[in-house]
Amino acid sequence: MQSSLEIKNCELYRHHEQLLSLNEQVKGGEILTIMGPSGSGKSSLLNWLTGTLPSGFNASGEVWLNGENINNLPAHLRHIGVLYQDALLFSHLSVSGNIAFAMPKGNKKQRLGKIEQALEQVGLKGMANRHPDNLSGGQQARVALLRMLLSEPKAILLDEPFSKLDTQLRVDTRELVFSQIREHKLPAIMVTHDHSDAEAANGNLITLNLAK
């Protein structure tokens with residue numbers, strides 16, 4: 001069965017003010033882009049999808065992942081990976097330790113082999129034992145991407161993950177992230193302020209407005 005992330009009859013509110021209403025299906029390898037000003041509900045939608053909607057917000061509707069309704073599952077069982085603006089790497093762990101932290105349990109040697117292979121694929125060969133604080137912003141972004149991918153998510157959410165990178169690094173990192181999404185055939189939803197992100201995603205685009 002092809003992977004898909006489906007949002008059914010979502011209505012998102014901040015207190016009693018409706019922020020958005022949404023019905024969308026994203027298939028594996030596709031990227032749905034959601035644009036809009038701050039306060040229009042973009043990041044809150046991602047919180048709802050992961051089961052982490054903060055107090056002051058409420059929502060109705062259903063989240064379906066690969067044909068399963070995951071509305072009532074806790075966040076850690078939804079298998080939805082998230083990339084944020086910041087890499088959010090653990091400074092007390094090495095690059096390898098950061099990636100391994102999110103991986104399913106299993107044979108340690110096999111896990112380390114997977115990590116080495118993945119690092120090589122994104123141009124970070126030989127950096128498994130490096131301290132994340134000694135990496136450039138672009139390198140940290142790639143480690144965060146690998147940590148998320150090797151956690152074996154069934155869908156990916158992108159919360160403006162390129163916004164703090166300079167122009168060329170943004171282009172290169174975005175290309176890498178999008179190619180990994182397509183290669184792994186994962187449904188993805190990206191929220192952004194940047195039109196170039198939407199153009200590069202080459203998928204459906206939803207533009208939100210601030211509620212009146």
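1. A residue is called buried here when its relative accessible area is under 20%, exposed when that area is over 50%, and partly exposed in between, with a 1.4 Å probe and protein chains only. On that scale Phe 90, with a relative accessible area of 29%, is partly exposed. The model is a predicted one, in which local features need pLDDT of at least 70 and side-chain atom pairs count only at pLDDT 80 or more, while totals for chains, interfaces and linings use all residues. Residues are numbered from 1 along each chain as its sequence is written, and side-chain values use heavy atoms, with hydrogens and water left out.

2. On the overall build, the chain holds 6 helices and 9 strands, where helices (H or I, at least four residues) and strands (E, at least two) are DSSP runs numbered from the N terminus. The radius of gyration of the chain is 17 Å, close to the 17 Å that the globule rule gives for 212 residues, so the chain is as compact as a globular protein of that length. That radius is taken over C-alpha atoms, and the globule rule is 2.2 Å times the number of residues to the power 0.38. Taken along the principal axes, the box that the C-alpha atoms fill is roughly 50 × 35 × 30 Å.

3. A contact means heavy atoms within 4.5 Å, and among the contacts with a separation of 6 or more, 69% come from residues 24 or more positions apart.

4. The chain has 21 positive and 21 negative charges, whose mean positions are 7 Å apart. In that count Lys and Arg are positive and Asp and Glu negative, with His and the chain ends not counted, and each charge is placed at NZ of Lys, CZ of Arg, CG of Asp or CD of Glu.

5. Helix 1 is mostly covered, with 7 of its 9 residues buried; among them are Leu 45, Leu 46, Trp 48 and Leu 49. Just after helix 1, Gly 51 takes a positive phi of about 80°.

6. Helix 2 covers residues 95-102, and its buried residues are Val 95, Ser 96, Asn 98, Ile 99 and Ala 100. These buried residues pack against helix 3 (108-121) and helix 4 (137-149).

7. Which aromatic pairs does the structure hold? There are 2, where rings of Phe, Tyr and Trp (its six-membered ring) pair if their centres lie within 6.5 Å, and planes under 30 degrees apart count as stacked, over 60 as edge-to-face and the rest as tilted. The rings of Phe 90 and Phe 101 have centres 4.8 Å apart and planes at 70°, so this pair is edge-to-face. Phe 90 lies in the loop between strand 6 (80-83) and helix 2, and Phe 101 lies in helix 2, so the pair ties together parts that are 11 residues apart in sequence. Phe 101 counts as exposed, at 53% relative accessibility. The pair of Phe 162 and Phe 178 is also edge-to-face, at 5.8 Å centre to centre and 85° between the planes. Phe 162 lies in the loop between strand 7 (155-159) and helix 5 (167-183), and Phe 178 lies in helix 5, so that pair ties together parts that are 16 residues apart in sequence. Both Phe 162 and Phe 178 are buried.

8. On backbone angles, most residues other than glycine have a negative phi. His 15, in the loop between strand 1 (4-14) and strand 2 (17-27), has a positive phi near 55°, and His 15 counts as exposed at 55% relative accessibility. Lys 185, found in the loop between helix 5 and strand 8 (188-192), also has a positive phi near 55° and is exposed, with a relative accessible area of 57%.

9. Two loop glycines complete the note. Gly 56, in the loop between helix 1 (42-50) and strand 4 (57-65), is partly exposed at 28% relative accessibility. Leaving aside residues up to four places away in sequence, Gly 56 touches Tyr 13, Arg 14 and His 15. Gly 123, in the loop between helix 3 and helix 4, is exposed, with a relative accessible area of 52%.
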